[in-house]
2 protein chains.
Amino acid sequence: MGESRRRSGGRAGRAAARAATRPTEPAYLTRLIRPYEIVSEEGLEIIEHNADTILEEVGIEFREYPRALDLLRAAGADVDGERVRFPRGLCRQIVTADAPATYTQHARNPDRSVQIGGDATVFAPNYGSPFAYDLDKGRRYATIEDFENLVKLAYLSPNLHHSGGTVCEPVDVPVNKRHLDMVYAHLRYSDKPFMGSVTAGERAADSVEMARIGFGGDLGDRTVMSSLINASSPLVWDATMLAAADTYAAANQACIISPFILSGAMAPTTAAGVAAQTLAEALAGMTFCQVVRPGAPVIFGSFASSMSMQTGAPTFGTPEPALVLYTVAALARRLGVPFRSGGSMTSSKVPDAQAAYESASTILPTVMAGTNFVLHAAGWMEGGLAVGYEKFMMDADQLGMMIKFAQGLDTSPNGQAIDAMRIHTPGEHFLGTAHTLENFESAFYRSSIADNESFEKWEEEGSLTAADRANRAWKEALASYETPPIDDAIDEELREFVARRKSEMPDEIG
Amino acid sequence: MGESRRRSGGRAGRAAARAATRPTEPAYLTRLIRPYEIVSEEGLEIIEHNADTILEEVGIEFREYPRALDLLRAAGADVDGERVRFPRGLCRQIVTADAPATYTQHARNPDRSVQIGGDATVFAPNYGSPFAYDLDKGRRYATIEDFENLVKLAYLSPNLHHSGGTVCEPVDVPVNKRHLDMVYAHLRYSDKPFMGSVTAGERAADSVEMARIGFGGDLGDRTVMSSLINASSPLVWDATMLAAADTYAAANQACIISPFILSGAMAPTTAAGVAAQTLAEALAGMTFCQVVRPGAPVIFGSFASSMSMQTGAPTFGTPEPALVLYTVAALARRLGVPFRSGGSMTSSKVPDAQAAYESASTILPTVMAGTNFVLHAAGWMEGGLAVGYEKFMMDADQLGMMIKFAQGLDTSPNGQAIDAMRIHTPGEHFLGTAHTLENFESAFYRSSIADNESFEKWEEEGSLTAADRANRAWKEALASYETPPIDDAIDEELREFVARRKSEMPDEIG
């Protein structure tokens, strides 16, 4: 690998640097519990049939990207202007034949490489918010400083497996140059896997080039980015997203093909209707990736919210998106591709009870459905318009609980504890028994945010809310942050690349 | 029935009164989704085997209640002092043979009678808290006024199916007379089903007598109370609870036989160990009810919390109690009896994000596990020490979401929406389509607490938190409260009974 040519300090130095940052937690969650199936086989078959009906009769528009039309026509689709209709079963056949069921997304630190698909779940932070929120400064436009802080917080959290992508929009950087600073931040301030830019084909290309540099000069066949390709639902893929997907797929980088649906607006109101449309749009998008490069890794994505009937605003943590999530997760399993959905979503403007109820009511179904890649797993607020520092810390704590829960029931002899029971006397407590003492340290999830003290002690300590404690927690985390090691020559080359690309373009204001 | 002799206004008047209070919502939730099974058949068999090992080798103490020892000896148990050991399989055989798989708990208003067991889930409010909390007055000892307010709020909520029992401890009423005011409040301020007193055998008898009066003079074989019988875990049933269970079972009233376990203190730390012990204790308790009166309705209860390793305090909404809940729910299904567990539990002292995360992380598993009777479904705070008015309203809103979710995926032609999709053009929104307009009113759960407005609108309206809105909501609800109709003669007889019983006893201070 190119890496070894660049590193200073030799083999021993590298080993020492590696050991210093070797994570103590697994790089991703391996679920030992089965996914929850909410729909019968028969119900899922109906939805699959309906998706094929949509693909065959209505079709999908591939807008202003003629190359997609040529490739799909050659693959057997019926192309009429920009409308592409797919013979029944064609997309499924192509995706099933070519798309990998699981793949490895390599991280700059190999100990942090993640499996995408199968029994693996990967938690990634919030994505795409133009605003940032914390208790001290309130809500304001997000900056590159916020971006870097969030990358650092995700790096520090044992419960986030991934550095994410546009963890917030750094609006103080010109819109056409942001991607350079963002990708640099992921490579420099974290060593976890990350996502590339999708806001233009050339920005995707820049992301691939920076990844190449960051990974030591030669990616080979390694997939090192999983990037977010959103549909313009209903039933449209636009040129920007197609160009980004084209670039990534050609470079064997992963695309998260995500229909983006506000039920009732971008799809019918009903969950089974949303699921069929989601499957149709995702199949079309994944098929495009496969005709660009057979075998290119893809993730079947689903973003579905319900709607406030008072205001038309998207709503989260409600029953209907959970029904969609369970259903589409099952469809993805049947298709044999990794699945992305869910997160810690809320409409709340503050890190209050609404934020927590809605987030929990999204992340629990996310995990129970067996979701493989979870964007927005920490920090999301205000329907995605804002990312919150306190919310980030609270969500990350909840992710730790999900990780523990997904280990399922331990029925080993120690887990059964029957030998401890056999020698026990009714009415005596278990606090001092050998079995309790042996298991106590690892027995229960230890929350970093919850207060379980008595009311009196809690009051004495200032009557803090969870948000107050989370405020303290992110400040302590950032104060403790140390940059993961990076080869000086690589860092230099990345900085030069960013500077050169910035100098080649005038600023664009977003 | 005795009822008709007492009522005034004749048949027409009764019908009018009935119509005025006829509920628009179903009296209980009928789940259309399957329960989540977290443990394999083999794992469950191991736990059942271990429970029988506990019953056979260690046994259960039935303390200071000789009648229980006599009854259980006669049923085939091995009685040694107060220690009762059960031959392998005996308890299961007795419970399986005699305890009903489902029963009806009749309400004073027959439209509100609930099914307990099977696909039914019944949500009941908080139980047992000595403190009350609201944003205006903070935390203070609960009073009979709080008790009545909570009964009224549960009566008004379409998402609470049950009036509960000791919704809070009215500490301003002498401890030996509280039960009279509590049962009166349930009968007078609600017409939903309720729970009787369990703090002494004679208080259970008073509860039965008041129920008899309240239901028109003759209960016949009707079960009109499901009352909470807690074990003194580990492996002890005490005289107070046995006397209450004895009284209720003899009167064909239901007992919720609930091992009460703080893992690591009243049981081993491990979930499979807690599950085996819970099954053993519950089997012993349910067996006692069956030997008192074969066929007496019982609910297999489970209360399990994890422990803070810093303080030893109970913790809620953590992964370990959820694992226990899913496991014990499956054990109850295999046994063929109704199951009680879960709720909206938290250690938080305020209605903040911790309260909401923990409550959601308890109530979601509760519903997903197929729990039949859910105590503490609304209002619980501070590990059960306090009941919160705002928390009550927020939890009740979440219960509405659970009720909607448990309807599962609608795969009817309307749910599939494929005809609407077939005529749709890519890129056009669905807001004005016929299918959307036809479904819009019922498409999405409408939260009574969540704010889904824009940040600007939300700020303009005072930057309220969920707790602030819930504060407004409970005040509006209480202001709207109207007492459900009750026959004047019945009310008079209840009041006379309460006055007489109070006059017969000196006050006891709790």
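Author: Gladly. Helices are DSSP runs of H or I with at least four residues, strands are runs of E with at least two, and both are numbered from the N terminus. Thr327(A) has its place in helix 11 (residues 319–335) of chain A. Please keep in mind that this is a predicted model, in which local features need pLDDT of at least 70 and side-chain atom pairs count only at pLDDT 80 or more, while totals for chains, interfaces and linings use all residues. Residues are numbered from 1 along each chain as its sequence is written, chains are lettered from A and ligands numbered from 1 in the order in which they are written, and side-chain values use heavy atoms, leaving out hydrogens and water.

Reader: Why does Thr327(A) count as buried?

Author: Buried means under 20% relative accessible area, exposed means over 50%, and partly exposed lies in between (1.4 Å probe, protein chains only). Thr327(A) has 0% relative accessibility, so it counts as buried. Contact means heavy atoms within 4.5 Å. Not counting residues up to four places away in sequence, Thr327(A) touches Ile38(A), Val39(A), Leu44(A), Ile47(A), Ala275(A) and Leu409(B).

Reader: Is Arg83(A) buried or exposed?

Author: Arg83(A), found in strand 4 (residues 83–85) of chain A, has a relative accessible area of 17% and is therefore buried. Leaving aside neighbours within four places in sequence, its contacts include Val58(A), Asp78(A), Thr425(B) and Pro426(B). The side chain of Arg83(A) also reaches the backbone oxygen of Val58(A) at 2.7 Å.

Reader: What is Arg212(B) called, buried or partly exposed?

Author: Arg212(B) has a relative accessible area of 25%, so the term is partly exposed. Arg212(B) lies in helix 8 of chain B. Among its contacts, leaving aside neighbours within four places in sequence, are Gly217(B) and Glu493(B). Arg212(B) and Leu494(B) are 282 residues apart in sequence, but 9.7 Å apart in space, C-alpha to C-alpha.

Reader: What makes helix 8 of chain B largely enclosed by the rest of the structure?

Author: Of its 14 residues, 10 are buried, so helix 8 of chain B is largely enclosed by the rest of the structure. Among the buried ones are Arg203(B), Asp206(B) and Met210(B). The buried residues of helix 8 pack against helix 7 (178–189), helix 9 (239–250) and helix 19 (488–503) of chain B.

Reader: How do you know that the span of helix 8 of chain B agrees with what it should be?

Author: The expected span is 1.5 Å times one less than the number of residues. For the 14 residues of helix 8 (residues 201–214) of chain B, the span should be 20 Å, and the end C-alpha atoms are 20 Å apart, which agrees. Gly216(B) follows helix 8 of chain B, and its phi is positive, near 100 degrees.

Reader: What makes Arg139(B) and Glu456(A) a salt bridge?

Author: A salt bridge is a side-chain nitrogen of Lys or Arg within 4 Å of a carboxyl oxygen of Asp or Glu. The side chains of Arg139(B) and Glu456(A) meet at 3.7 Å, N to O, in a salt bridge. Between chain A and chain B there are 8 salt bridges.

Reader: How many residues are in contact between chain A and chain B?

Author: In contact are 115 residues of chain A with 115 residues of chain B.

Definitions and conventions:
Polar contact = N/O pair within 3.5 Å; in protein donor to acceptor, adjacent residues only side chain to side chain.
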